[in-house]
Amino acid sequence: MSQNAAREVHDVYRCFKIPNDPFVEDFNMDLAQPQSRSVRLNGLATCLRLEGVYWNILSEIAHCNSCSINAVLSHVDREVHLRYGGVKNFSGLIRVVCVTHLLKAEGLQLSSA
C-alpha cells in the first residue's frame, strides 16, 4: 500500500472515531434483528417487520396504556389516517413513535431536521 493510500485510510478512520461510543458494553445484537409478526390493525390482519428493540418498546407502550401491542398499533394506524390521510411507510412511523416515546419519557423533544 502506498503512503498516500495508508494516510487516506488513517484519515477515514480518524473521521469515524467518536468520543461517545454508541455500542454500550453489553450491547445485544439480537435487538437489531428484524422480526416479523402478524398483527391486526383495526380488524385487518397484516404483517409488520420491526427490529426486536422496537417490539420491546411497543410492549412498554402497551403496558403503560394497559392494552395490547395490537391496540397500540391500531390506535397509531387510525390516528395517522384521521390526522394525515395515511402514511406510506407504517414500519418507519412505528419506529419514530417508539423513539418519540423514549424521548418523551426522558423529558426530551425530537426536533425536525
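Colleague: At what angle do H2 and H4 pack, and how far apart are their axes?

Modeller: H2 and H4 pack at about 60°, and their axes lie 10 Å apart. Axes are lines fitted to C-alpha atoms, for helices over the stretch in contact, with angles from 0 to 180 degrees between N-to-C directions. This is a predicted model, in which local features need pLDDT of at least 70, side-chain atom pairs count only at pLDDT 80 or more, and totals for chains, interfaces and linings use all residues. Residues are numbered from 1 along each chain as its sequence is written, and side-chain values use heavy atoms, leaving out hydrogens and water.

Colleague: Which residues make the contact?

Modeller: H2 contributes Tyr 54, Ile 57, Leu 58, Glu 60 and Ile 61, and H4 contributes Ile 94, Arg 95, Cys 98, Val 99, His 101 and Leu 102. Contact means heavy atoms within 4.5 Å.

Colleague: Turning to H2 itself, which of its residues are buried?

Modeller: The buried residues of H2 are Gly 52, Tyr 54, Trp 55, Ile 57, Leu 58, Ile 61 and Ala 62. Buried means under 20% relative accessible area, with a 1.4 Å probe and protein chains only.

Colleague: What covers them?

Modeller: The cover includes strands E1 (34-41) and E2 (44-51) and helices H3 (69-84) and H4 (90-105). Helices (H or I, at least four residues) and strands (E, at least two) are DSSP runs, numbered from the N terminus.

Colleague: And what happens just after H2?

Modeller: Ser 66 takes a positive phi of about 50° there.

Colleague: How many helices and strands are in the protein chain?

Modeller: The protein chain has four helices and two strands, in the pattern α-β-β-α-α-α along the sequence.

Conventions. Buried means under 20% relative accessible area, exposed over 50%, partly exposed in between (1.4 Å probe, protein chains only).
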